[in-house]
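Visitor: I have a structure open and would like to go through it. Can you take me around?

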Amino acid sequence: MSTHSLEDRFQSRVDNEEKIEPRDWMPDAYRKTLVRQISQHAHSEIVGMLPEGNWITRAPSLKRKLALLAKIQDEAGHGLYLYSAAETLGVSRDEMLDQLHTGKAKYSSIFNYPTLTWADIGAIGWLVDGAAIMNQVPLCRASYGPYARAMVRVCKEESFHQRQGYDILLTMCQGSEEQKEMVQDAVNRWWWPSLMMFGPNDDASPNSAQSLKWKIKRFSNDELRQKFVDATVPQAEILGIQLPDPLLQYNEARGHYDFGPIDWEEFFQVVAGNGPCNKERLAARVKAHEEGAWVREAATAYAEKQKNKVVSSASVA
Amino acid sequence: MQKEIKDFILMLADNPMILGQRLGEWCGHGPILEQDIALTNIALDIIGEARNYYAYLAEIEGKKEDDYPMLRKERAFRNVLLVETPNGNWGDTMMRQFMFDCWHYFHLEAMTKSNDERLASIAKKSIKEASYHLSFSSEWVIRLGDGTPDSHEKMQDAVEHLLPYFEEFFIAADFEVYSQQEGISPDLHVVKNKAMAKFRNVLDEATLAHPQNVFAKKGGKSGIHTEHLGFIISELQYLQRAYPGVTW
Ligand SMILES: [Fe+2]
Ligand SMILES: [Fe+2]
Ligand SMILES: [Fe+2]
């Protein structure tokens with residue numbers, strides 16, 4: 001079959017909502033797009049452990065400490081599922097990690113912001129996991145089978161994270177004046193970066209159309225961002241806090257909330273490595289990897305010895 | 001409830017609490033993603049166990065569970081010194097964990113027969129987890145001890161510098177002597193024999209030498225801690241101290 005007809009068949013399978021599986025023929029560009037997107041997503045889960053990990057030892061109660069540990073552990077698990085899904089496309093975890101450590105692969109820029117107070121942990125759960133859910137629920141229907149299936153597991157846990165984050169903030173908002181101020185301050189800092197998580201506006205996002213056609217994406221960046229704003233504003237009202245956008249207002253005619261312009265200059269600077277914590281995040285990952293080298297080598301050497309023992313005892317028998 | 005028994009329960013709680021706090025420092029920084037997850041799992045288990053003891057004391061004393069870890073001062077902690085020692089490298093953490101697990105598992109085993117039904121039931125629940133922890137840390141001590149020459153050397157170093165802290169688990173504090181007479185806490189000689197047998201076996205399998213002439217470092221059970229504890233509880237207690245009396 002010519003490449004042309006292979007591509008036609010591929011696209012018609014996608015159009016019919018059939019899942020594409022690892023051994024199926026797929027266009028090179030589809031494979032590349034998936035590897036880039038899934039590995040970026042995996043890296044985001046792993047790098048995302050760092051800003052939250054910053055508060056494990058200082059969590060304010062044992063209940064919150066356990067919940068935070070469990071949440072971060074879930075994120076590590078998401079990283080694992082996603083690395084495995086990417087591996088089905090012919091790239092190894094080592095290669096992907098290498099790309100992260102050398103700065104070739106990106107991760108979600110949100111994790112380059114610092115967690116300054118305990119309320120940041122609530123704000124991350126509410127807004128960052130909340131935005132992640134908006135992005136990820138449609139990915140449960142992505143055309144690539146292993147990715148879609150990984151996302152089903154991930155999404156269940158993400159919605160739990162979001163409720164947990166919201167509960168942290170709600171508890172604080174029902175508390176002292178200082179606690180409420182802490183929440184307001186955290187939301188002021190996390191709101192705009194959370195909106196940026198959906199990526200550039202549609203007219204500045206050239207690859208989106210192809211991803212939509214391949215049914216990797218189901219909604220455009222702006223559609224998802226709007227859904228997120230619409231879902232989040234009423235939740236902010238329940239908390240009794242202000243979202244830091246004077247232009248935020250319900251638009252009767254559209255049936256959606258209007259919101260102010262996003263500072264894309266900030267977004268592109270953070271993506272380019274100039275955010276408040278880019279250097280620290282990457283350095284922490286590289287350090288963990290390098291300091292773990294002797295452990296991984298020893299584990300391999302030990303496994304090798306065990307294998308040889310089995311082989312030699314088998315040959316004796 | 002007698003002060004001695006309360007102190008005993010505090011020791012049962014503070015050991016896993018402080019170790020769990022240390023393990024939490026690893027989260028996101030482990031050498032292998034799967035091991036990062038496994039270590040966090042252990043932290044979850046043991047802090048969860050500590051919480052059960054604190055909750056028990058809180059019921060008796062009409063306090064809140066968080067009052068114990070979050071509002072006591074340095075000298076009131078009853079944990080052994082081992083659990084305060086810094087994480088070091090992954091091998092140090094595994095060796096410290098293995099020593100803790102040797103005590104923890106066999107002590108819990110004995111505690112399942114405690115006269116105090118509440119403590120016995122916490123022990124029955126926790127021993128399943130502790131048994132998994134003990135195999136996890138044993139496997140890592142063996143794997144690294146018998147891995148590469150470099151890992152072997154690191155593990156030999158770890159056992160040399162941590163072994164002086166191991167003995168303290170088995171030196172009965174006054175509150176343990178009292179609690180044992182009441183049938184609440186076990187005979188530490190029995191616990192020690194089982195724990196040491198396991199310890200020696202694993203060290204042998206790991207091809208690690210047993211350090212000789214070890215002088216025990218102790219004091220934690222009576223509140224004489226290392227300089228590390230003050231820093232550990234500074235983080236642990238930060239928010240409760242900075243914003244007294246609020247709910248989180
Ligand atoms: Fe996640
Ligand atoms: Fe995610
Ligand atoms: Fe999450």
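Visitor: What are the scores?
Guide: This is a predicted model, and it scores ipTM 0.98 and pTM 0.96. For chain B the mean pLDDT is 97, with 100% of its residues at 70 or more.

Visitor: Which residues coordinate the iron ion (ligand 1)?
Guide: A:Glu45 (OE), A:Glu75 (OE), A:His78 (ND1) and A:Glu158 (OE) do, at 1.9 to 2.2 Å. Along the chain, these donors follow the spacing E-x29-E-x2-H-x79-E.

Visitor: Why is the arrangement around the iron ion (ligand 1) irregular?
Guide: Because its four donor atoms subtend angles of 87 to 137°. A tetrahedral call needs all angles between 85 and 135 degrees.

Visitor: How are A:Glu75 and A:His78 placed in helix H4 of chain A?
Guide: They sit three residues apart in that helix, residues 62-87, so about one helical turn separates them.

Visitor: Buried or exposed, those two, A:Glu75 and A:His78?
Guide: Both A:Glu75 and A:His78 are buried. A:Glu75 counts as buried because its relative accessibility is 5%, and the cut-off is under 20%.

Visitor: What about the iron ion (ligand 2), which protein donors does it have?
Guide: A:Glu45 (OE) and A:Gln136 (NE2), lying 2.1 to 2.5 Å from the ion. The pair links distant parts of the chain: A:Glu45 is in helix H2 (residues 28-47) of chain A and A:Gln136 is in helix H6 (residues 118-136) of chain A, 91 residues apart. A:Glu45 counts as buried at 7% relative accessibility, and A:Gln136 counts as buried at 6%.

Visitor: How far apart are the iron ion (ligand 1) and the iron ion (ligand 2)?
Guide: They lie 3.5 Å apart, and A:Glu45 bridges them.

Visitor: And the iron ion (ligand 3), what are its protein donors?
Guide: A:Glu75 (OE), A:Asp129 (OD), A:Glu158 (OE) and A:His161 (ND1), at 1.9 to 2.2 Å from the ion. The donor residues are spaced E-x53-D-x28-E-x2-H in sequence. This site is irregular, with angles of 90 to 149° among its four donor atoms.

Visitor: Which residue bridges the iron ion (ligand 3) and the iron ion (ligand 1)?
Guide: A:Glu75 does, and those two ions lie 3.5 Å apart. A:Glu75 in helix H4 of chain A and A:Glu158 in helix H7 (residues 145-173) of chain A link distant parts of the chain, being 83 residues apart. A:Glu158 is buried, with a relative accessible area of 2%.

Visitor: What does A:Trp118 touch?
Guide: Setting aside residues up to four places away in sequence, its contacts include A:Trp55, A:Leu68, A:Ile168 and A:Met182, along with B:Leu239 and B:Trp248.

Visitor: One more. Where does A:Thr33 lie?
Guide: In helix H2 of chain A. A:Thr33 counts as buried, at 14% relative accessibility. Beyond its neighbours within four places in sequence, A:Thr33 is in contact with A:Ser211, A:Trp214 and A:Ile216. A:Thr33 and A:Ser211 are 178 residues apart along the chain, yet 8.1 Å separates their C-alpha atoms.

Definitions and conventions:
Residues are numbered from 1 along each chain as its sequence is written. Chains are lettered from A and ligands numbered from 1 in the order in which they are written. This is a predicted model: local features need pLDDT of at least 70, side-chain atom pairs count only at pLDDT 80 or more; totals for chains, interfaces and linings use all residues. Side-chain values use heavy atoms; hydrogens and water are left out. Donors are N, O and S atoms within 2.8 Å of the metal (3.2 Å for Na, K and Ca); water is not among the atoms, so sites may look incomplete. Four donors count as tetrahedral if all angles lie between 85 and 135 degrees; four count as square planar and six as octahedral if opposite donors are over 155 degrees apart and all others between 65 and 115; anything else is irregular. Helices (H or I, at least four residues) and strands (E, at least two) are DSSP runs, numbered from the N terminus. Buried means under 20% relative accessible area, exposed over 50%, partly exposed in between (1.4 Å probe, protein chains only). Contact means heavy atoms within 4.5 Å. pLDDT is the predictor's confidence in each residue, from 0 to 100.
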